[in-house]
Amino acid sequence: MATEIQTTPAVINYVHKKGDDWTPDTITVYDGGAIVDGVVVGGTVRNFTGYTGRLQIRTVLSNDVIITLTNGAGITLSSLGVITLTMTAAQTAAIAAGDYKFDMQTTSGAGVIKTWIEGSFTIVTDVTANS
């Protein structure tokens, strides 16, 4: 199921197992319309053609960067308003278990920067060890 957002930044809190691939639901961004029962009604999808994306996960207190995702390296932006985020099992294995913060923003071809999502990102230890 995809997440639909209209107001920004939307708050999304993730909890993920250390050492597992991370492929959360896609996010579809709409301009205008209204949110009714969690679904955007009457808006048009944001065309991300020519945009670049950047997501950073940071420590809560010291604000140190833990990982950065960019276009083609963890972020895919589509002309249909869809944001797809991914991290490999190796990337999540490199993150210490704990609580972090993140946000994801785009830069348009005209240089306009917009933060679309933000929230907490918690990494929990996996019970089954990866070989």
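Biologist: Why is the meeting of the side chains of T122 and D99 called a polar contact?

Modeller: A polar contact is a pair of N or O atoms within 3.5 Å; within protein, one atom must be able to donate a hydrogen and the other to accept it, and residues adjacent in sequence count only if both atoms are side-chain atoms. The side chains of T122 and D99 make such a contact at 3.0 Å, and that value is within the 3.5 Å limit, so the name applies.

Biologist: Before we go on, what kind of model is this?

Modeller: This is a predicted model, in which local features need pLDDT of at least 70 and side-chain atom pairs count only at pLDDT 80 or more, while totals for chains, interfaces and linings use all residues. Residues are numbered from 1 along each chain as its sequence is written, and side-chain values use heavy atoms, with hydrogens and water left out.

Biologist: Thanks! Where is T122 found, and is T122 buried or exposed?

Modeller: T122 is found in strand β13; helices (H or I, at least four residues) and strands (E, at least two) are DSSP runs, numbered from the N terminus. Buried means under 20% relative accessible area, exposed over 50%, and partly exposed in between (1.4 Å probe, protein chains only). T122 has 16% relative accessibility, so it counts as buried.

Biologist: And which residues does T122 touch?

Modeller: Not counting residues up to four places away in sequence, T122 touches Y14, V15, H16, G98 and D99. Contact here means heavy atoms within 4.5 Å.

Biologist: What makes F121 buried?

Modeller: F121 also lies in strand β13. Its relative accessible area is 1%, so F121 falls under the cut-off for buried. F121 and V15 are 106 residues apart in sequence, yet 5.9 Å apart in space, C-alpha to C-alpha. Among the residues that F121 touches are W22, I57 and M87.

Biologist: Then why is T125 called exposed?

Modeller: T125 sits in the segment after β13. Its relative accessible area of 54% is over 50%, so T125 is exposed. Leaving out residues up to four places away in sequence, T125 touches K17, K18 and A97.

Biologist: What makes the R46 and D31 pair a salt bridge?

Modeller: A salt bridge is a side-chain nitrogen of Lys or Arg within 4 Å of a carboxyl oxygen of Asp or Glu. The side chains of R46 and D31 meet at 2.9 Å, N to O, and this is within 4 Å, so the pair qualifies. R46 lies in the loop between β7 (44-45) and β8 (52-59) and D31 in strand β4 (residues 27-31), so the pair ties together parts that are 15 residues apart in sequence. Side chains of opposite charge can pair when their charged atoms come close.

Biologist: How many salt bridges does that rule give?

Modeller: The count comes to 1 salt bridge.

Biologist: How do you know that β12 and β13 pair?

Modeller: Two strands pair if DSSP finds at least two bridges between them. Strand β12 (residues 98-107) and strand β13 (residues 113-124) have 10 bridges, in the antiparallel sense, so they meet that rule. One of the partners is T115 in β13, which bridges to Q105. On the β8 side, β12 pairs in the antiparallel sense over 8 bridges, and K101 in β12 is the bridge partner of R58.

Biologist: What does the largest nonpolar core hold?

Modeller: A nonpolar core is a set of buried Ala, Val, Leu, Ile, Met, Phe, Trp, Tyr and Cys residues joined through side-chain atoms within 4.5 Å. The largest one has 26 residues, and those with the most contacts inside it include I27, I117 and F121. β13 gives the most to this core, with 4 residues.

Biologist: Finally, how do you know that the chain is as compact as a globular protein of its length?

Modeller: The chain has 1 helix and 13 strands. Its radius of gyration is 15 Å, close to the 14 Å that the globule rule gives for 131 residues, so it is as compact as a globular protein of that length. The radius is taken over C-alpha atoms, and the globule rule is 2.2 Å times the number of residues to the power 0.38. Of the 131 residues, 32% count as buried.
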